[in-house]
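Have the viewer open and follow along.

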Amino acid sequence: ELEAQVKDWLQQGYAASTIRHRLSALSSLYVELDGKRAFNPVATVEPPPEPTATPNATSGENVVQTLTSFKARVTRHNRGWKTYARCQVMALTGMRHSQVGRLTREDIWLEHDPPFVIVNRPGKRGKSHSKPLTAEGVEAFRLFIVVDAFGKFSSSALYKSWKLTCEQCGVPFFYPYQFRHTWATTLRAGGMDLADVQESLGHTSPKTTARYAMVATSKLVAAGSILDKA
């Protein structure tokens, strides 16, 4: 029956990850009802393989262009500063919107040398970690503090503002969450190894990080040069 159900889900177009989550939940239910040592029928079902995850980054040029357009709009209307500040922080730190919403003033250390921000309670079983800030990152957090952008905020409202910004500046729409993918990919392209990117994102598994940070073609070309010299 379970195998038939999995086939039915696949025919309906459900993603492999969704089906795997459902099987995992069902397996946990069997354990809760019958105990760990009892027969668990889910264990006999082959889950659909996960497709190879690909990074969902956009170009740095797109990020800069949209943020510049966003700032021009809020300056012109003097409205939307909190949303702009949150987007800028997400773009320059690779933080999720939920992480930005949990920030407190005590997490931000701009006068420290070097300046950094602490990401507490990162969610998704991630670990708390600190992120070093660039000069642009420091300025982004100064604005974040001035406009008092602390606290939870509506992701749908941020999405609408960002969608409008993309339309106004002529950049193909990309979700604000793609800031995180772009940030990680930029670090990889700049030469940072996967373990360091993993630490910077607060991931517990390098497999998760690999979904965000694609291997840069320039690094593969450099590897060819190293082999030539060897």
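## A threonine, a core and some cysteines

Start with a polar pair: the backbone nitrogen of Thr 58 sits 3.0 Å from a polar atom of the Thr 182 side chain. Keep in mind that this is a predicted model. Thr 182 belongs to helix H8, residues 178-189, and counts as buried, with a relative accessibility of 7%. Leaving out residues up to four places away in sequence, Thr 182 touches Ala 57, Thr 58, Ser 59, Gly 60 and Val 63.

Now for the nonpolar side of things. In soluble globular proteins, nonpolar side chains tend to be buried together. Here the largest nonpolar core has 33 residues, and those with the most contacts inside it are Val 100, Phe 141, Phe 144, Trp 162 and Phe 179. Two or more core residues come from each of helix H3 (60-77), helix H4 (81-93), strand E2 (116-119), helix H6 (135-146) and helix H7 (155-169). H4 gives the largest share, six residues. Apart from this core lies another one of seven residues, including Leu 2, Trp 9, Leu 23 and Val 42.

Which residues does Phe 141 contact, leaving aside its neighbours within four places in sequence? The list is Val 89, Thr 93, Leu 103, Ile 108, Leu 110, Val 117 and Leu 133.

On to the strands. E1 (residues 108-109) and E2 run antiparallel and are joined by two bridges; they form a hairpin with six residues between them. E2 also pairs with E3 (residues 129-132), again in the antiparallel sense, over four bridges. Phe 116 is a handy spot to look at: Trp 109 stands opposite Phe 116 in E2, and in E3 the bridge partner of Phe 116 is Pro 132.

Last, the cysteines. How many disulfides are there? The count comes to zero.

| Cysteine | Nearest cysteine sulfur | Distance |
|---|---|---|
| Cys 87 | Cys 166 | 9.5 Å |
| Cys 166 | Cys 169 | 5.7 Å |

Methods. Residues numbered from 1 in each chain as written. Predicted model: local features only at pLDDT ≥ 70, side-chain atom pairs only at ≥ 80, totals over all residues. Heavy atoms only, no water. Core = buried A, V, L, I, M, F, W, Y, C linked by side-chain atoms within 4.5 Å. Buried < 20%, exposed > 50% of the residue type's maximum accessible area, 1.4 Å probe, protein only. Contact = heavy atoms within 4.5 Å. Disulfide = S-S within 2.5 Å. Polar contact = N/O pair within 3.5 Å; in protein donor to acceptor, adjacent residues only side chain to side chain. Pairing = 2+ DSSP bridges.
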